[in-house]
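The sequence and the model are shown first, and a short account follows.

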Amino acid sequence: MSKVLIIEDEVAIAELEKDYLEMNDYEVRLTHDGEEGLKAACGEEFDLIVLDLMLPGMDGFEVCKRIREKSNVPIIIVSAKKEDIDKIKGLGLGADDYMTKPFSPSELVARVKAHIARYERLVGQATQSNDIVEIRGLKIDKTARRVTINGEEKAFTTKEFDLLTFLAEHPNHVYTKDELFRYIWDMESYGDIATVTVHIKKIREKVEADTSKPQYIETIWGVGYRFKV
Ligand code: CA
């Protein structure tokens, strides 16, 4: 049975979401503020999280960011304000879906179902081919540290390889240049994020058929980069 965590301070909404999910055979844990929700998300395994933005104490933006530091669990954000959804997209916090209140509970159930299925597919692929990441003609052999594009091998430097592999292993997740610099170069980044831009450019020259229309690594203007699923 899939487990869903709901982080929602409005009790009536939380209960309604819980009832509908339980009717559809999900196990549901309810939490009513940001801190409690984050604690539950970090302490237990969930298959999906439904997160409200306006919460007492720690708000949903912060909760989303903190969960993403630890986990790729699907997150559906619900908010009363459409502007919030634009804001969270702009911040690139890594939510998987957004719904504006009021919404129909059956719509929520449908989206929960779709995201859990999609996530299970992604995780299943990752465990089957542990050492090889393969996406639309791009094949990264992590064991041999070799990259081929449509069967043709391309030479990569260590950092180019690490950066491409990191992005490909976290598809559909937007990373800022700062974050990428920290993850790949393993140090605190201040002002040297141009290195990331240079490496992305070199990777694109090797993997993209047309670097002006990237099919793999997408630029999210003003935020960073995302590997397209
Ligand atoms: Ca609220």
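## The calcium site and a buried histidine

The calcium ion has as its protein donors Asp 9 (OD), Asp 52 (OD) and Met 54 (O), which lie 2.1 to 2.3 Å from the ion. Donors are N, O and S atoms within 2.8 Å of the metal (3.2 Å for Na, K and Ca), and sites may look incomplete because water is not among the atoms. This is a predicted model, in which local features need pLDDT of at least 70 and side-chain atom pairs count only at pLDDT 80 or more, while totals for chains, interfaces and linings use all residues. Residues are numbered from 1 along each chain as its sequence is written, and side-chain values use heavy atoms, with hydrogens and water left out.

Along the sequence, the spacing of the calcium donor residues is D-x42-D-x1-M. Accessibility is classed as buried (under 20% relative accessible area), exposed (over 50%) or partly exposed in between, using a 1.4 Å probe and protein chains only.

| Residue | Relative accessibility | Class |
|---|---|---|
| Asp 52 | 2% | buried |
| Met 54 | 54% | exposed |
| His 199 | 15% | buried |

His 199 belongs to helix α8 (residues 194-207); helices are DSSP runs (H or I, at least four residues), numbered from the N terminus. A polar atom of the His 199 side chain lies 2.9 Å from the backbone oxygen of Thr 195. Beyond its neighbours within four places in sequence, His 199 is in contact (heavy atoms within 4.5 Å) with Lys 159, Glu 160, Leu 163 and Trp 185.

The buried residues of α6 include Glu 160 and Leu 163.

Conventions:
Helix = DSSP H or I, 4+ residues; strand = E, 2+ residues; numbered from the N terminus. Polar contact = N/O pair within 3.5 Å; in protein donor to acceptor, adjacent residues only side chain to side chain.
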